[in-house]
Amino acid sequence: KDEKSATTYASPSEGVVEMLVNELSSEKQIVRFAIRYAIKLYIVDSTPKKTLDKLLSRHMTTIKRLLFLRSLRLLPLSEQVGVFDALVFLIQEAPSLVPLSDQHLLAFLSEFLKMSSIGDGDMTDLNTSGYVVDKNGFVSTAQDKDPQRPMSQLQAHACAVFLRRECATKSPVEGSYVIIPEELPNGIQLRVSGLRLFRAVIRHADEFFDADSATPVGNIRPHVISLLFRSLISRPSTAVIAAHLTLRDVLALSTSSSRDDKDKETKPQSRLPKELLQTCIRPVLLNLREYTRLSVPLLQGLARLLSLLSSWFNTTLGEKLLEHLQKWADPERI
């Protein structure tokens, strides 16, 4: 029941729920948005006594068939984006349906991390088929990831004509509007949706931080953190924002309190190894060695990194940046 409009929405039938579930991972961005909006308005917000978990649990066979039936690398980019968006929504609204311990989800995340590492040039695997996307949203095949050749300048843009910009439309709820997000190129959207998925997983799974490094969850942990740092210095602003928000949550949620017996004070303690963070920060700082390697995305990413981990840096970093800026002020040397 909506308080403003005094409208009561009847619970949808099983047939309607089945239809919504089947379209949750649609290739079309506007269809996915409409399905998520309908589920939230008519199910999540209108039927508090009947949770989404219970309602969708009867359709888990269909959900897993849609999301995990085929290997991620075998799907076209538009279908990959649809699967990611569906998983983000499900884990945000009904986290118990697809927990981090689920073997299908772990295999899915591991495959995405591998494809992202290949796209970013961190690893090579000639046996990997399908498309890979780098941190800037450019798309190529795994076999084309030759360091001697430039990556294809294709971002595989979606075909929608009327969703190039964010727009607003009236909501069924009186006096409110629905904000429809712009449709990004598939390459960029895949990267952004992947980052949002990791944020949703991390916010609903303590085992991400507590799992032993020898377990499947512990095995993907360093690769997730590495992906966040790499994405922090990428070009698409939407990917940078998603990486920054996810990394902020990681650092906040990884902090636990420990009591000092001598001072009887509670001190924050990170559940992430310091060595892991240092390893992930190092590639970012290596770009600062030469002033010719400076770029706007790098400096903006560094600014976001400093806002999250300011205590990890000293004045030497500022001095190095000033030295670089002085060289840029001399056109004859550039």
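Leaving aside its neighbours within four places in sequence, with which residues is Leu197 in contact? The residues are Phe84, Leu87, Val88, Ile91, Phe108 and Leu109, where contact means heavy atoms within 4.5 Å. The structure is a predicted model, in which local features need pLDDT of at least 70 and side-chain atom pairs count only at pLDDT 80 or more, while totals for chains, interfaces and linings use all residues. Residues are numbered from 1 along each chain as its sequence is written, and side-chain values use heavy atoms, with hydrogens and water left out.

The protein chain contains 13 helices and six strands; helices (H or I, at least four residues) and strands (E, at least two) are DSSP runs, numbered from the N terminus. Of the 334 residues in the protein chain, 45% are buried. Buried means under 20% relative accessible area, exposed over 50% and partly exposed in between, with a 1.4 Å probe and protein chains only. When contacts between residues at least 6 apart in sequence are considered, 60% join residues at least 24 apart.

The largest nonpolar core comprises 85 residues. A nonpolar core is a set of buried Ala, Val, Leu, Ile, Met, Phe, Trp, Tyr and Cys residues joined through side-chain atoms within 4.5 Å. The residues with the most contacts inside this core are Leu87, Phe108, Leu197, Ile225, Phe229 and Leu305. Helix 5 supplies the largest share of the core, 10 residues.

Helix 5 (residues 77–93) packs with helix 7 (residues 186–203); their axes come within 9 Å and cross at roughly 25 degrees. Axes are lines fitted to C-alpha atoms, for helices over the stretch in contact, and angles run from 0 to 180 degrees between N-to-C directions. Helix 5 and helix 7 are therefore roughly parallel to each other; angles under 35 degrees count as roughly parallel, over 145 as roughly antiparallel, 65 to 115 as roughly perpendicular and the rest as oblique. The crossing of helix 5 past helix 7 is left-handed, a term used if the near helix is turned anticlockwise from the far one by less than a right angle, with right-handed used if clockwise. On the side of helix 5, the contact is made by Leu77, Ser78, Gln80, Val81, Phe84, Asp85, Leu87, Val88, Ile91 and Gln92. Helix 7 contributes Asn186, Gln189, Leu190, Ser193, Gly194, Arg196, Leu197, Ala200 and Val201. By class, 10 nonpolar, seven polar and two charged residues make up the contact of helix 5 with helix 7. Ala, Val, Leu, Ile, Met, Phe, Trp, Tyr, Cys and Pro count as nonpolar, Asp, Glu, Lys and Arg as charged, and the others, Gly among them, as polar.

Helix 6 (residues 103–119) and helix 9 (residues 216–232) have axes that come within 10 Å and cross at roughly 40 degrees. That angle makes helix 6 oblique to helix 9, and helix 6 passes helix 9 in a left-handed crossing. Leu106, Leu109, Ser110, Phe112, Leu113, Ser116 and Ser117 of helix 6 meet Pro216, Val217, Ile220, His223, Val224, Leu227 and Arg230 of helix 9. This contact of helix 6 with helix 9 has nine nonpolar, four polar and one charged residues. Ser117, in helix 6, is buried, with a relative accessible area of 11%. Ser117 and Asp134 are 17 residues apart in sequence and 8.0 Å apart in space, C-alpha to C-alpha.

Helix 9 also packs with helix 10 (residues 237–253), at an angle of about 140 degrees and with the axes 8 Å apart. Helix 9 is thus oblique to helix 10, and the crossing is left-handed. The contact is made by Ile225, Leu228, Phe229, Ser231 and Leu232 of helix 9 and by Ala239, Val240, Ala243, His244, Thr246, Leu247 and Val250 of helix 10. Its classes are nine nonpolar, three polar and no charged residues. Arg248, which lies in helix 10, is partly exposed at a relative accessible area of 38%. Beyond its neighbours within four places in sequence, Arg248 is in contact with Arg199 and Leu308.

Thr169 is placed in strand 3 (residues 167–170) and is partly exposed, at 36% relative accessibility. With neighbours within four places in sequence left aside, Thr169 is in contact with Tyr177, Val178 and Ile180. The C-alpha atoms of Thr169 and Ile180, 11 residues apart in sequence, are 7.7 Å apart in space.
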